[in-house]
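Colleague: I would like to learn how to read helix packing and pockets in a model. Could we go through one together?

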Amino acid sequence: RAVTRYWDRITHPEQVISSLPQALRTMLDPATCGPAFLGLPQDVQAEAFDFPDEFFLPVVRHAPRPRPDLGQLQTAAEMLRQAQRPLLIAGGGVHYSLAESELGEFAERHGVPIVETVSGKASVAATHPRYCGPLGVTGAESANQMAADADVIVAVGTRLGDFATGSWTGFSPTAQFVGINAALFDASKHRSLPVVGDAAVTLTELGD
C-alpha cells in the first residue's frame, strides 16, 4: 500500500521543475496533506541542468478554505434540528483549520457537548461549559458515555480511527453521523453525511 500522498522518481534533472511544485501542493492541500516522496538517484544527482531563474522565486502560499455544498449543509442542519442528543467530535482538523473558536462558539450557542480525539486535544479549553473529555479507548468514561448515548454525531476534522471509535463499538447502532472534513474519504466514513469543506467556514455557516 502507498505510504505517501505523492510519489515520483526523478530520472532527468528538468523533471524537478514539474515534480517539486506538485509535491509541495500535495503537502499543503487540506484534503491531501501528507508525506511526499521524490526519488533522486545518485546518477541523476550528478547531472547538470540550467534551471530557469523563475523556478527559484519565493512563493507565498495561502491555505484554501473550501466552502461546503449548500445541499449538504442544509441536510446536516436539519439533522441537528431534529436531534435529541447531538454530539461534536473534535479532531485534528480543528487545529489545522484554526477553527477552535468557531467550534467553541457553535457548541455553546446550540448547547452541543464536545468530545475530542487524541489529535483534537485542546480544541477547546477544559473549562469550556460544553467540554466532556477525550473520546475512545484511551479516553474518559464521561466522553464515551456521551458518544454511546448520542443520536446525531458531528465529526469535525477527524478520520474516526479505531482509537477514537473503539473500532466503531462506542456508538449506538442507530446513531447518525455528519462528517465535516476537507477530504471526502474521511467525511464519508461509517455512512456519514459528508459535508466537505473547511472546518472553520463550515461550522460558522452551519451555526447560522
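Helix packing and a pocket

Modeller: Keep in mind that this model is predicted.

Colleague: Which residues line the second largest pocket?

Modeller: The lining consists of A77, L80, R81, P86, F106, H110, V112, E205, L206, G207 and D208. At least two lining residues come from each of α3 (70-82), α5 (100-110) and α9 (199-207). By type, the lining has six nonpolar, two polar and three charged residues. The volume of this pocket is about 210 Å³.

Colleague: How is the packing of two helices described?

Modeller: One gives the angle between the two axes and the distance between those axes. Here, the axes of α3 and α9 lie 10 Å apart, at an angle of about 60 degrees. α3 is therefore oblique to α9.

Colleague: What is the handedness of the crossing of α3 and α9?

Modeller: The two helices cross in a right-handed way.

Colleague: Which residues meet where α3 packs on α9?

Modeller: From α3 come L73, A76, A77 and L80, and they meet T202, E205 and L206 of α9. Five residues of this contact are nonpolar, one is polar and one is charged.

Colleague: What is the volume of the largest pocket?

Modeller: The largest pocket holds about 740 Å³ of space. It is lined by 38 residues, and G92, G93, Y96, G157 and R159 are the closest to its centre. The elements giving two or more residues to that lining are α1 (16-28), α4 (92-96), α7 (162-165) and β7 (176-181). The lining of the largest pocket comprises 19 nonpolar, 12 polar and seven charged residues.

Notes:
Residues numbered from 1 in each chain as written. Predicted model: local features only at pLDDT ≥ 70, side-chain atom pairs only at ≥ 80, totals over all residues. Heavy atoms only, no water. 1 Å grid on protein atoms, 1.4 Å probe; cavity = no way out; pocket = protein on both sides within 12 Å on 5 of 7 lines; lining within 4 Å. Points joined across faces, edges and corners; volume = space filled by probe spheres on them. Helix = DSSP H or I, 4+ residues; strand = E, 2+ residues; numbered from the N terminus. Nonpolar A, V, L, I, M, F, W, Y, C, P; charged D, E, K, R; others polar. Axes fitted to C-alpha atoms, helices over the stretch in contact; angles between N-to-C directions. Parallel < 35°, antiparallel > 145°, perpendicular 65-115°, else oblique. Left-handed = near helix turned anticlockwise from the far one by under 90°. Contact = heavy atoms within 4.5 Å.
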